[in-house]
Amino acid sequence: MGDEIMHELQIELDRLLGELAELDRNFGCRSDDSGNISLMILARRGTKTAIAEVRRQMAQIDRGSLESAPV
């Protein structure tokens, strides 16, 4: 069961890292509008928080202390 959860978390981590990369690519392109800048900063912050949570859950699985992880 831990392997399945770890696999799902890895898929989610890969998706989030791709999303963060896309936000980073688009950040420079949209720097002319302060409203867009604020939204991009919030989106990046939320994505980074989600990445940190997935990594935390993966670390708990590695330590054997997470029975099931919501993905």
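The model is a predicted one. Its largest nonpolar core has ten residues, and the salt bridges number five.

**Nonpolar core**

- The largest nonpolar core is made up of Ile5, Met6, Leu9, Leu13, Leu16, Leu20, Ile51, Val54, Met58 and Ile61.
- Two elements, α1 (2–29) and α2 (34–63), each give two or more residues to this core, and α1 provides the largest share, six residues.
- Leu13 touches Ile51, Val54, Arg55 and Met58, with residues up to four places away in sequence not counted.
- In soluble globular proteins, nonpolar side chains tend to be buried together.

**Thr47**

- Thr47 is located in helix α2 and is buried, because its relative accessible area of 4% falls under the 20% cut-off.
- Beyond neighbours within four places in sequence, Thr47 is in contact with Leu16, Glu19, Leu20 and Leu23.

- Asp24 and Arg44 form a salt bridge whose closest N and O atoms are 2.6 Å apart.
- Asp24 belongs to helix α1 and Arg44 to helix α2, so this pair ties together parts 20 residues apart in sequence.
- Both partners count as partly exposed, Asp24 at 37% relative accessibility and Arg44 at 22%.

**Salt bridges within a helix**

- Arg15 pairs with Glu12 in a salt bridge, with 2.8 Å between the closest N and O atoms; both lie in helix α1, three residues apart.
- Glu12, Arg15 and Glu19 are linked in a network of salt bridges.
- In helix α2, Glu53 and Arg56 are three residues apart, about one turn of the helix, and their salt bridge has its closest N and O atoms 2.4 Å apart.

Key
Residues numbered from 1 in each chain as written. Predicted model: local features only at pLDDT ≥ 70, side-chain atom pairs only at ≥ 80, totals over all residues. Heavy atoms only, no water. Core = buried A, V, L, I, M, F, W, Y, C linked by side-chain atoms within 4.5 Å. Buried < 20%, exposed > 50% of the residue type's maximum accessible area, 1.4 Å probe, protein only. Helix = DSSP H or I, 4+ residues; strand = E, 2+ residues; numbered from the N terminus. Contact = heavy atoms within 4.5 Å. Salt bridge = Lys/Arg side-chain N within 4 Å of Asp/Glu carboxyl O.
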